[in-house]
Amino acid sequence: MILLTILSILLLCAILSALGSKLHSQIPRFISVLGLLLALGLASVNFPTAITEIFGSTSFDYNVPWIAVAGANFHLSADGLSLLFIVFTLFLGVIGALLTSKISNPGYFFFHYLLLLSGIVGIFMAADLLLFFFFWEMMLLPMYFLMIKYRELNDQNENTPFKFLLYTQVSGLLMLLGILALFFIHGRQTSIYSFELSDLMQTTLSLPVAIFIMTGFVLAFLVKLPVIPFHGWMPATFSASPLAVIFTGILVKTGAYGILRLAIPLFPEASVLFAPTAMAIGIMTILYAGLIAFSSNDIRKIAAYSSISHTGFIIIGLYAFNILSWHGVIFQMIASAIGVGGLALLGDALYRRTGTYDITGISGLWSRASVFSGFGLVISLAILGLPGLANFIAEFLILAGTFQQSIVVTILASIGIVIAAAYALRIVQKVYVGEYRGPVELKDLSLREKMIMSTLVVLLLVLGLYTRPIIRSTEKVLERTLILDSSQPEPLAPGNDASVKYFVNPQID
Amino acid sequence: MFVALAPYYIILVTLIIVMLVVSFYRNHMLTAVLSFTGTAMALISLTNLCNCLPWWAQDMLITDHTSTLLIGVSLLTVLVLIVTGFHYIHQIEDKKEEYYLLLLSSLLGAMIMIASRNFVTFFLGLELMSVPLYALVAYKRTQRESVEAGIKYLLLAGASTATLVFGLALMYGASGTMDLYTFAMYLSQLSQMPSFVLAGLGLFLASVGFKLALVPFHVWTPDVYQGSPAPITAFLTSVGKIGTFVFLLRMLQEANLTSHSPVFYILAFLSVTSMIVGNLLALSQTHVKRILAFSSIAHMGYLIIALLAGGNNGYQAGMFYLIIYAISSIGAFSSIALLTQHQKEPNDISEYQSLYQRSPFLAIVFSASIFSLAGMPLTAGFIAKIYLALAGASAALWLLVLLLVVNSGIGLYYYTRIVSAVFKPAETSEKIRLPLVSSLALAFIIVIIVWLGVAPGGFLYWLVP
């Protein structure tokens, strides 16, 4: 019921803010922040209980028939992993809502905004594959509507929302084919026709069939992440709307969640076979996106490609089949969203002050806007993975886990960190230091911007220094998934398990 | 017996009353209200039927779950069209009232087709539906393209009727029966289909293909859709196809025709070509009605998958898809009808620009309908498409399901282009005022689209006979 309540709060507030915009232009924002905080509170309160639960049969499951004739249920469930992402999504949602003060048609905006968030939250809750697909596709629509309304009027790239919808929909349809195939194969084997994730995990698949079906799933997730051959929509999204930042931070993480929750548990053997390819894609993504980020001058483009480069680490970590690297993946998903989100926010703030996104167009910001530049420096350092900030933990854990699988991959991926340092410091060098070049009047960050930026920075710091809560909350889930993946290349010895705790936090236990 | 045939009688009586009223006292509003009341009463009389199903009238008409449901949908469609089309017809300078006369007789024909269980009634219904449509398509007599569409439709429909009669005659010649069920029994006794029957079936399928606008019998569609008044285009896409489709469905199911490989391959071929050709041709269009015309070709291609899947799954998926397609296209064309001013329909995609500024409600209904046609989630079209894919997959028609999925992706491209334009802001925009009754009709459509898109469970359950 709690999960249903969270979803209903979001949907109800969506409708209320659409209706309330007629009364006063500030009402939609007020309702949204209130609803999001309420949902965030509900999710956080239940967080401790969720950690010990098993996905699909928890004490707060909500399961009613949905399309009964087809065997699909409206089944919501949550364990530590999904609730962590729900909390994180809602948190970013609050920040996004706070940021959006002056916007035309607030009712339209917040209606779609909350609809989008409820779609994303739904993805993390769905324990029925058809329901998962429903939420998966559902979140695209509000995103699309936000993009067509709030793209910049002078944007030359008319097709951005288009590209986004086409890429994600078509890949989603491939996943649908996979889901249907799985449904019927399982139905024939057991004569139980069900879309339930826990049922479908029992399906025995011959390897070629498993590879075929897995391809459908993985393609959908890789497009959403996105990794290099499928990344076309992502930089375009980033340049379309300043708010896309917040969305993409959460939106793209659903892809990684999908791989961890569906692709690997459903197709363990096929996933192991796919691992070398995934590693290659990951390396390519890290290096290629990093180089583009280094060579571009548009700060939004740098943010977009740095985000893509980070997803390369996520892919490598996921397919290393190692508890250490999986913990790193979770960290990377959160840290990258905060870091890249912060960079894009600063880029937007820069544009409002100087009228340009071009980092070669201005310099020496430190002498005029020291707070701005200070935050800019911290964010850049976070992106390059400075120890003490969350991104470092993420990359370190991923590389430490991958090292046990393949040294070559680890070495190649480490080069990515060097590139990250190069493009992150390039921003610092061009924009913040040097002789001042820019508009005559330059305001520093406003109080609201300061508060939002400091929240992000504090979060990066806290996660970088005190990692235990996150490790704790997902530990059980990840271990279970790893055991399910029976054919993992190198099963971890019991002693190895302790190494997790040692690497991460020597004092515990 | 009277109860079972009540909807037909009520429509017939309404038809006569409207005819008499028109000959003595011309008043657009009065005629519309009369037609609306008659159709609404026919719809209400349908609810009485549930107690006495199924029921046969002299081997001619059959009243069962399927026919009741689809006649209900047709009546509902016409109700919505009368309301949303009123404004449209009002812009025509003279002779507005005959429109309702023709519409009602065409509706009666469609109802007979839906309920027919005999080749004769089917043919009768088809003609009763088509002949008024020739006039309706050309109803904007002063506009060249409307007249052109009328002539094209008349000539080609005439040719297809000839094909149909010839096909039916051949089938009668071989089996000695006009009755659908006796014919089905005759067929099921045969191990190998005689070429005589096969030729008859081929001609029959060609004519059905023409009515449903399947490739390669589709060439008339874009021109006729473009030239017809928008409410009539809506009628053509929805009611105009339901009758033919249902007769085909009954015939295939009763005789288990898809187990005969020639029939199966003919239908599969029609489905594949319609899906691909319809979608590809729609890609390069910028005229919204033409886009919807080509997309309707593709949609009929999808529907054939349900026929090929057969069985209970195929039946349910087909019925659901047909109903959802009808409702969605009614929503889209009704919006076009309401956008029409001074007999000038918005044609090009660019003319839909900033519709959201001009009338947010109309924009929402229009885009919801378009997205439902595209099969986007939260709309009924999404569930319908999933259901169709399920039916196809359950019969192991993987190639067709794959094509369905790929073509949905292609379809997304042109549907999204329309919706993008609707929400694109423009500098100058004058507000559109919608009549209250039309708003109610549109609200009804969008409620159905969203309700069936989110919680279709109850409706799907109800769909099972």
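This is a predicted model: local features need pLDDT of at least 70, side-chain atom pairs count only at pLDDT 80 or more; totals for chains, interfaces and linings use all residues.
Residues are numbered from 1 along each chain as its sequence is written, while chains are lettered from A and ligands numbered from 1 in the order in which they are written.

**Overall build**
- Chain A has 22 helices and 2 strands; these are DSSP runs, with helices (H or I) of at least four residues and strands (E) of at least two, numbered from the N terminus.
- Its C-alpha trace spans about 75 × 60 × 45 Å along the principal axes.
- In chain A, 60% of the 509 residues count as buried, meaning that 20 or more other C-beta atoms, placed from the backbone, lie within 10 Å of a residue's own.

**The strand pair**
- E1 (residues 62–67) and E2 (residues 72–76) of chain A run antiparallel, joined by 5 bridges; strands pair if DSSP finds at least two bridges between them.
- Tyr62(A) has Leu76(A) as its bridge partner in E2(A).
- This hairpin has 4 residues between the strands, and Gly71(A) takes a positive phi near 80 degrees.

**Where chain A touches chain B**
- Chain A puts 24 residues into the contact and chain B puts in 24 residues; two residues are in contact if their C-beta atoms, placed from the backbone, lie within 7 Å.
- On the chain A side, E1, H6 (129–138), H7 (140–150) and H8 (160–190) each supply at least two residues.
- H8(A) gives the most to that side, with 11 residues.

Definitions and conventions:
A residue is buried if 20 or more other C-beta atoms lie within 10 Å of its own, exposed if 12 or fewer, and partly exposed in between; C-beta atoms are placed from the backbone.
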